[in-house]
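The following exercises concern side-chain contacts in a protein chain. Each task is followed by a solution in steps.

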Amino acid sequence: MSLLLQLMPLPLAPAHPAWLDAEERARLDGFADARRAAQFLAGHCLVRQLAAQFAGGEPGEWSLRVSVVGRRCLDHAGFPSLFISITHAQSDVVVAVGTGALGVDVEQAGTPRDWLALGRAMFSPEENEALLAASEAARPALFLQAWTLKEAWAKRSGRGLQRTQARRCSAQACDAAQAEAWTWPRPDGGSLALAAWPGARLGALGVDGDPRGWRYAMAPVLIDRAG
């Protein structure tokens with residue numbers, strides 16, 4: 001196994017401030033909203049617990065580091081460093097650890113929105129065509145699947161979601177064994193997505209069913225040579 005993902009309901013996640021470093025504890029103390037504080041603590045503790053399960057050591061022995069390109073990692077004196085990603089929805093926290101760059105995102109179904117307008121702002125032409133062709137009933141789940149794939153891809157890069165790059169990137173379905181990204185539908189109609197690398201050996205805890213596999217394709221940059 002080269003990466004491991006875990007989903008856990010927020011109330012069941014570990015909550016041990018002593019596992020955090022001084023900067024993380026300062027951030028935790030700075031939250032005015034109790035739910036956001038709980039989500040932060042749960043994510044940062046659960047990812048350490050998963051790192052210890054994946055590689056060894058005790059959860060509190062793993063220290064957080066952000067690389068020069070913005071990717072988050074956990075370091076340990078006795079084990080190789082791990083790449084990590086943390087995300088949460090209202091009631092769930094999701095974390096992933098692995099030996100290569102990765103990103104994870106989860107979205108719950110919520111208030112109906114103008115999915116087509118949101119797609120035009122951030123999706124590729126191919127993704128927008130699929131969204132437009134979908135029935136109104138199917139459109140929210142299709143949007144959230146595409147959105148979580150794009151967010152996971154952006155987190156994997158460490159640069160975050162940038163509109164120009166996002167509109168060039170399309171996720172294309174493929175065999176799960178050959179994929180670099182995977183999605184799981186959530187029971188409420190939402191979506192969970194993990195982006196890693198082709199050929200990664202994936203383990204998943206707390207999610208039901210087999211994932212759907214995806215590969216990312218980038219449209220070429222068009223250069224205007226007129227004049």
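A salt bridge is counted where a side-chain nitrogen of Lys or Arg lies within 4 Å of a carboxyl oxygen of Asp or Glu. The model examined here is predicted, and by this rule it holds seven salt bridges.

**Exercise 1.** Determine which parts of the chain are tied together by the salt bridge of Asp-105 and Lys-155.

*Solution.* Step 1: the side chains of Asp-105 and Lys-155 meet at 3.2 Å, N to O, and the cut-off is 4 Å. Step 2: Asp-105 belongs to strand β6 (residues 103-107) and Lys-155 to helix α5 (residues 139-157), so the contact ties together parts that are 50 residues apart in sequence. Step 3: buried means under 20% relative accessible area. Asp-105, at 4% relative accessibility, therefore counts as buried, whereas Lys-155, with a relative accessible area of 27%, is partly exposed.

**Exercise 2.** Locate the two partners of the salt bridge between Lys-150 and Glu-127, and state whether they are buried or exposed.

*Solution.* Step 1: the closest N and O atoms of Lys-150 and Glu-127 are 2.8 Å apart. Step 2: Lys-150 is found in helix α5 and Glu-127 in helix α4 (residues 125-133), so this bridge ties together parts separated by 23 residues in sequence. Step 3: both Lys-150 and Glu-127 are buried.

**Exercise 3.** Which residues are linked with Glu-180 in a network of salt bridges?

*Solution.* Arg-156 and Arg-215 are linked with Glu-180 in this network.

**Exercise 4.** Classify the aromatic pair of Trp-115 and Phe-143, and name the cluster to which both rings belong.

*Solution.* Step 1: the model has six aromatic pairs. In one of them, Trp-115 and Phe-143 lie 5.0 Å apart, centre to centre, with 45 degrees between the planes, and the pair is tilted. Step 2: Trp-115 is in helix α3 (residues 115-122) and Phe-143 in helix α5, so that distant parts of the chain, 28 residues apart, are linked. Step 3: Trp-115 and Phe-143 are buried. Step 4: Trp-115 and Phe-143 form one aromatic cluster with Phe-123 and Trp-147.

How values were computed:
Residues numbered from 1 in each chain as written. Predicted model: local features only at pLDDT ≥ 70, side-chain atom pairs only at ≥ 80, totals over all residues. Heavy atoms only, no water. Helix = DSSP H or I, 4+ residues; strand = E, 2+ residues; numbered from the N terminus. Buried < 20%, exposed > 50% of the residue type's maximum accessible area, 1.4 Å probe, protein only. Phe/Tyr/Trp six-rings, centres within 6.5 Å; stacked < 30°, edge-to-face > 60°.
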